[in-house]
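Reader: I would like to learn how to read helix packing. Can we work through a case together?

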Amino acid sequence: MMKFLDLQAQYQSIKTDIDSAIQKTINATQFIMGPAVAELESKIASYCGVSYGIGLNSGTDALFASLKALGIMTGDEVITTPFTFIASADVIALTGAKPVFVDINPETFNIDPRKIRGAITKKTKAIIPVHLYGQCADMDPIIEIAKKHNLFIIEDAAQALGAEYHGKKACSMGTCGCISFFPSKNLGAYGDGGMVVTNDKKVADYIKTWRVHGARKKYNSDFIGDSSRLDNLQAAILLAKFPHLDGWNAKRLERATYYSKQLSGSKYSPPVVDTDRKHVFHQYTIRVPEKRDKVALDLKSKGIPTMVYYPIPLHLQPAFSYLGYKAGDFPESERACKEVLSLPIYPELADRDTEQVVGSIMSF
Ligand SMILES: *Cc1c(COP(=O)(O)O)cnc(C)c1O
């Protein structure tokens with residue numbers, strides 16, 4: 001049966017490099033803060049076109065550490081979208097600040113810049129645009145609003161490493177860019193991992209210190225930090241994979257282009273790629289205007305796995321009930337949760353698989 005994602009196939013295609021990276025790390029017993037971490041940090045930072053990279057435990061920690069580095073705390077408000085993975089917003093609450101949601105643009109599924117102004121108050125300190133599914137949010141108007149209201153921008157690029165907006169790489173447009181190396185992401189580790197990239201030396205220094213309990217000198221902490229390092233083993237694996245990232249993203253684009261060509265004009269609207277953007281198709285997500293769950297079940301019975309990213313908007317999840325939002329507050333996010341369906345997309349997906357996916361959808 002076709003897989004939704006096939007990490008085994010990817011491993012087989014680069015097995016020698018991965019195995020030797022793992023063996024080298026173990027032989028050298030370099031497990032914490034070894035040379036692979038520093039090498040990956042500088043490679044990813046320069047790939048994104050920024051000065052510093054700081055490897056961390058996860059993409060979630062990358063977002064949290066960025067907020068801490070920018071001084072976000074109780075009494076502050078941070079704007080993001082309710083149509084994303086909960087990590088984009090629970091980190092805001094973890095700092096003591098209040099998450100404030102803004103609805104999405106229904107075409108791109110990303111935060112709608114036209115709706116941001118109405119959510120800004122005296123307490124607003126930052127905006128977290130999420131580059132959902134691998135397409136950058138509409139950053140120019142977001143940057144303009146942020147400048148005008150003196151707000152920080154933290155890019156949630158967990159799904160968008162390699163994506164571009166008007167020729168600029170994801171992670172190069174905000175004060176901080178946050179990357180996840182969760183195994184299923186476009187550049188995935190064999191466990192958890194994440195990174196913040198930034199041009200701000202002070203922010204970089206804070207996060208480098210934060211990840212070792214706020215201690216610039218061992219056993220002498222300047223501030224309350226955490227234990228959040230990227231494992232050297234994961235960094236070594238990521239270094240072996242990194243040279244393939246652009247090629248893999250190109251293959252995702254090829255498959256997406258095929259899907260979109262075949263589905264265009266059908267009632268299953270293919271994703272809209274906005275002007276002058278490079279989409280890296282972490283997910284290929286269509287809209288099924290009616291009976292999405294039934295369509296997903298039918299596809300499953302034909303051997304085609306699909307996923308719903310995401311079934312419940314954040315403002316309607318119990319964890320955020322204390323914020324007092326209600327159904328109807330963000331109609332586009334709520335409608336997206338009912339309509340979206342992500343199809344299998346990954347570099348190793350065979351042509352006959354993409355043909356089978358399209359054939360099954362069109363035969364409804
Ligand atoms: C995966 C993801 C995260 C969190 O990354 P982890 O490495 O799993 O902690 C944050 N935001 C978005 C949009 C994600 O997809």
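Predicted model: local features only at pLDDT ≥ 70, side-chain atom pairs only at ≥ 80, totals over all residues.

Reader: What describes two packed helices in general?

Author: The angle between their axes and the distance between the axes. H3 passes H8 in a left-handed crossing.

Reader: Which residues of H3 meet H8?

Author: Pro35, Ala36, Val37, Glu39, Leu40 and Lys43. On the H8 side they meet Asn232, Ala235, Ala236, Leu238 and Leu239. By class, this contact has 8 nonpolar, 1 polar and 2 charged residues.

Reader: At what angle do H9 and H12 cross?

Author: Roughly 25 degrees, and the axes of helix H9 (residues 245-263) and helix H12 (residues 351-362) come within 10 Å. An angle under 35 degrees counts as roughly parallel, so H9 and H12 fall in that class. H9 passes H12 in a right-handed crossing. H9 contributes Arg255, Tyr258, Tyr259, Gln262 and Leu263 to the contact. Among the H12 partners are Asp351, Thr354, Val358 and Met362. The contact of H9 with H12 divides into 7 nonpolar, 2 polar and 3 charged residues.

Reader: What is the volume of the largest pocket?

Author: About 570 Å³. Of its 29 lining residues, Phe85, Phe182, Ser184, Lys185 and Tyr310 are the closest to the centre. Helix H4 (59-69), helix H5 (87-94) and strand S8 (176-180) each supply at least two lining residues. The lining has 14 nonpolar, 11 polar and 4 charged residues.

Terms used. Residues numbered from 1 in each chain as written. Heavy atoms only, no water. 1 Å grid on protein atoms, 1.4 Å probe; cavity = no way out; pocket = protein on both sides within 12 Å on 5 of 7 lines; lining within 4 Å. Points joined across faces, edges and corners; volume = space filled by probe spheres on them. Helix = DSSP H or I, 4+ residues; strand = E, 2+ residues; numbered from the N terminus. Nonpolar A, V, L, I, M, F, W, Y, C, P; charged D, E, K, R; others polar. Left-handed = near helix turned anticlockwise from the far one by under 90°. Contact = heavy atoms within 4.5 Å. Axes fitted to C-alpha atoms, helices over the stretch in contact; angles between N-to-C directions. Parallel < 35°, antiparallel > 145°, perpendicular 65-115°, else oblique.
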